[in-house]
Amino acid sequence: MKRKVTKSLLDWKSSPNRKPLVLSGARQVGKTYSVLEFAQTQFKNHVHVDFSASKDVAALFEHNITPKELVPQLQASFKTKIDPADTLIFLDEAQACPRALTSLKYFCEQAPAYHVIAAGSLLGIALGRETYSYPVGEVDVISLHPLDFEEYLWAAEERELAGLIRQSYLADKALGLHEYALRLLRNYLFCGGMPEVVSTALDDPSADPKKIRRIQRLITNAYLADMTKYASSADTAKILNVWQGIPGQLAKENHKFQYRTIASAARAHQYEAPINWLKAAGLVEFCYRVSEGKAPLRAFMEQGSFKLYLLDTGLLASLYDTEPADLEPANDKGSRFRGGISENFVMQQLVAKGIESFYWGIPSKSEVEFVIRSASGAVMPIEVKSGKNVTARSLEAYRRAYGPEYVIRCSAKNFGFEGHTKSIPLYAAHCIE
């Protein structure tokens, strides 16, 4: 699968100010695959140090971790010559060996010519510990997420369609293959962007949907195992409660996170640490409310009002035990559920682009799902609708209050520009800059 992270890795390799790289991301989003493919295509050789697979190699980092001492030992262990210019040193599952992360400081200061990448599924958790020195300011950082919809189209051999979608986005011109693109979108909403799931779904499009769900449940079970293994015993139950409660929060009309839906006596101070654990593990994303649609948005952020989204829409759909037919457009009571799925999808696309998102208004009354800072610096509202019924009272209220050049509506409708509204089909959310 072609991943957009490859370009970021190439930019890192060619940068004159290159530092050791930390590649973060949740479990099974494709970190190891992406780095090894990069190593095989861009270097003469590589050293893959997998701390989860070998305790012996971790022992190398128990003593002197300067490059002068460490590199010869790695060469002896892997029986290969490590050339600063032509060898990639890959420290995989680095959260299992905190001193491996500390060693990046010495590579940066004493041997910057070496190409070193550290990756791990729980690096965010490891970085919160105080048992070792993390090389702040002495590493480059890249985050990897599940495949966005455009990467999914590439994997599905729909590159020409992906190109047409971008052209229609830029020109505000209707796409002739609109209904076909919507069908592919529904496939994505069902399977999501986890690489193993996408590969399985595309290799056999006629496969029993239960096969997809089994893989997704295995991924979810791995996340649950991490919670019990790496979180404190005091927080584990609360972390599980939050994780299991997010689907219900997104299926109701008011998507704002409410502690009382987890437990009747739940309070913010009790769940702050568990929620932050999920964020540090890359499993959830915050979307905070802003009181004003003005720049800079962080100046108007309200810490106590936020929504939580899962890292992957397919995993969210699996937690609902969704059937493919449940994602078909319909005017019924399932519209709220589909609305939550669509919101999570748009959030997933924005996160993959590195766009920080907020929301504006009062849930259930007048709410714009997302407010972002555009590439030009303007504050732009994004309303999300799962179907073609696009009555937009909240969007109009925002426009009257703040007068943006235009507003954005993501829905099942085709591309177009209507008055002050830029209409973007949901399948083009990844185009938003």
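1. Helices (H or I, at least four residues) and strands (E, at least two) are DSSP runs, numbered from the N terminus. By that rule the protein chain has 16 helices and 13 strands.

2. This is a predicted model, in which local features need pLDDT of at least 70, side-chain atom pairs count only at pLDDT 80 or more, and totals for chains, interfaces and linings use all residues. Residues are numbered from 1 along each chain as its sequence is written, and side-chain values use heavy atoms, with hydrogens and water left out.

3. Overall dimensions. The radius of gyration, taken over C-alpha atoms, is 23 Å; a compact globule of 433 residues would be near 22 Å, which agrees. The globule rule is 2.2 Å times the number of residues to the power 0.38. Along its principal axes the C-alpha trace spans about 65 × 55 × 45 Å.

4. Burial and contacts. Buried means under 20% relative accessible area, exposed over 50%, and partly exposed in between (1.4 Å probe, protein chains only). Of the 433 residues, 53% count as buried. Contact means heavy atoms within 4.5 Å. Among contacts between residues at least 6 apart in sequence, 69% join residues at least 24 apart.

5. Arg186. R186 sits in helix α9 (residues 178–191). R186 is buried, at 18% relative accessible area. Neighbours within four places in sequence aside, R186 is in contact with L327, E328 and P329.

6. Cysteines. A disulfide is a pair of cysteine sulfur atoms within 2.5 Å. The count comes to 0 disulfides. For C191, the closest cysteine sulfur is in C431, 19 Å away, so it is too far for a bond. C431 is in no disulfide either; the nearest cysteine sulfur to it, that of C410, is 9.8 Å away. C191 is buried, with a relative accessible area of 3%, and C431 is buried at 1%.

7. Cis peptide. A295 and P296 are joined by a cis peptide bond, with omega about -5 degrees. P296 lies in the loop between β6 (284–290) and β7 (301–310).

8. Positive phi at Q28. Q28 is not a glycine, yet its phi is near 65 degrees. Q28 falls in the loop between β1 (21–24) and α2 (31–42). Q28 is partly exposed, at 33% relative accessible area.

9. Positive phi at E93. E93 is not a glycine either, and its phi is about 50 degrees. The loop between β3 (87–92) and α5 (98–110) holds E93. E93 counts as buried, at 15% relative accessibility.
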